[in-house]
Amino acid sequence: MAKLVWDQTGQRFYETGTDHGVLYPALETVTDPTKPYGAGVAWNGLTAVNESPSGAEPTELWADNIKYLNLMSTETFACTIEAYTYPEEFEACDGSRAIATGVTIGQQPRKMFGFSYRTLVGNDQQSNDYGYKLHLVYGCLASPSAKNYQTVNDSPEAITFSWEVSTTPVEVTGFKPTATLVIDSKKTAAAKLTALEDILYGTEGSGTTAAPRLPLPNEVVTLLS
């Protein structure tokens, strides 16, 4: 085995940014269990996705006057989505319903949704153009959030909306259920990655048109294997 060397040229990696946000509202009636989400819509104005997993905490068991073992609690995934705006389709996910043209009411049942976004991977040679990661999130449910409206002044700022999101894991064959998948562009065959992005973002032209949709983990694994 060769001697360890740190911070070699081309291996100084970092992650930054977030873009290409897509909302996939859950279908009211699911006819195909492998496709529980409706057509995706672009989420403009996305400013941050703050991931905050929880759980996976040890519980100590003692016996015979010694520490016998640790039992780990189940890990859960949550995040906070921040944006300057949101798709109209997200209103139902935020507890709003239209009761007349241009009129909505709040405090209604919140619709579940799926979500995807992209983060950039950079290094010391190619900067932010080195690669990216696709993040797929399933079983999302948004909590009520504060909206702080302020008067326009000589230092105007746009309102930033924020939603805390909890998740319900979905099945993955051979593994425990999960609410998240992360796909690394530098470790995935280009043709397979393109095929996945065509599913996530939709296609148009050349005689083929397909609406964007969120594939479940088993479909993603089959596609990228």
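Is Glu60 buried, partly exposed or exposed? Glu60 is partly exposed, because its relative accessible area is 43%; buried means under 20% relative accessible area, exposed means over 50%, and partly exposed lies in between, with a 1.4 Å probe and protein chains only.

Before I continue, a word on the basis. This is a predicted model, in which local features need pLDDT of at least 70 and side-chain atom pairs count only at pLDDT 80 or more, while totals for chains, interfaces and linings use all residues. Residues are numbered from 1 along each chain as its sequence is written, and side-chain values use heavy atoms, with hydrogens and water left out.

Let me turn to the salt bridges. The term denotes a side-chain nitrogen of Lys or Arg within 4 Å of a carboxyl oxygen of Asp or Glu. Across the whole structure, a search finds 7 salt bridges. One of them joins the side chains of Glu60 and Lys67, at 3.4 Å from N to O. Lys67 is partly exposed, with 40% relative accessibility.

Another salt bridge pairs Arg110 with Asp94, whose closest N and O atoms are 3.0 Å apart. This pair links distant parts of the chain, 16 residues apart: Arg110 is in the loop between strand S8 (103-105) and strand S9 (113-123), and Asp94 in the loop between strand S6 (78-83) and strand S7 (97-100). Strands here are DSSP runs of E with at least two residues, helices are runs of H or I with at least four, and numbering starts from the N terminus. Arg110 is partly exposed at 26% relative accessible area, whereas Asp94 is buried at 9%.

Asp94 also forms a salt bridge with Lys147, the closest N and O atoms being 3.6 Å apart. Lys147 lies in the loop between S10 and strand S11 (161-167), so this pair ties together parts that are 53 residues apart in sequence. Through shared partners, salt bridges join Asp94, Arg110 and Lys147 into one network. Lys147 itself is partly exposed, with 32% relative accessibility.

Next, a buried position. Val137 is found in strand S10 (residues 127-142) and is buried, with a relative accessible area of 2%. What does Val137 touch, not counting residues up to four places away in sequence? Its contacts (heavy atoms within 4.5 Å) include Phe77, Phe115, Tyr117 and Leu214. Val137 and Pro169 are 32 residues apart in sequence, and their C-alpha atoms are 9.1 Å apart in space.

Finally, the helices. The axes of helix H1 (residues 190-201) and helix H2 (residues 217-224) come within 9 Å and cross at roughly 150 degrees. Axes are lines fitted to C-alpha atoms, for helices over the stretch in contact, and angles run from 0 to 180 degrees between N-to-C directions. H1 and H2 are therefore roughly antiparallel to each other, a term for angles over 145 degrees. On the H1 side, Lys192, Leu193, Ala195, Leu196 and Ile199 meet Glu219, Val220, Leu223 and Leu224 of H2. The residues of this contact divide into 7 nonpolar, no polar and 2 charged; Ala, Val, Leu, Ile, Met, Phe, Trp, Tyr, Cys and Pro count as nonpolar, Asp, Glu, Lys and Arg as charged, and the others, Gly among them, as polar.

Terms used: Parallel < 35°, antiparallel > 145°, perpendicular 65-115°, else oblique.
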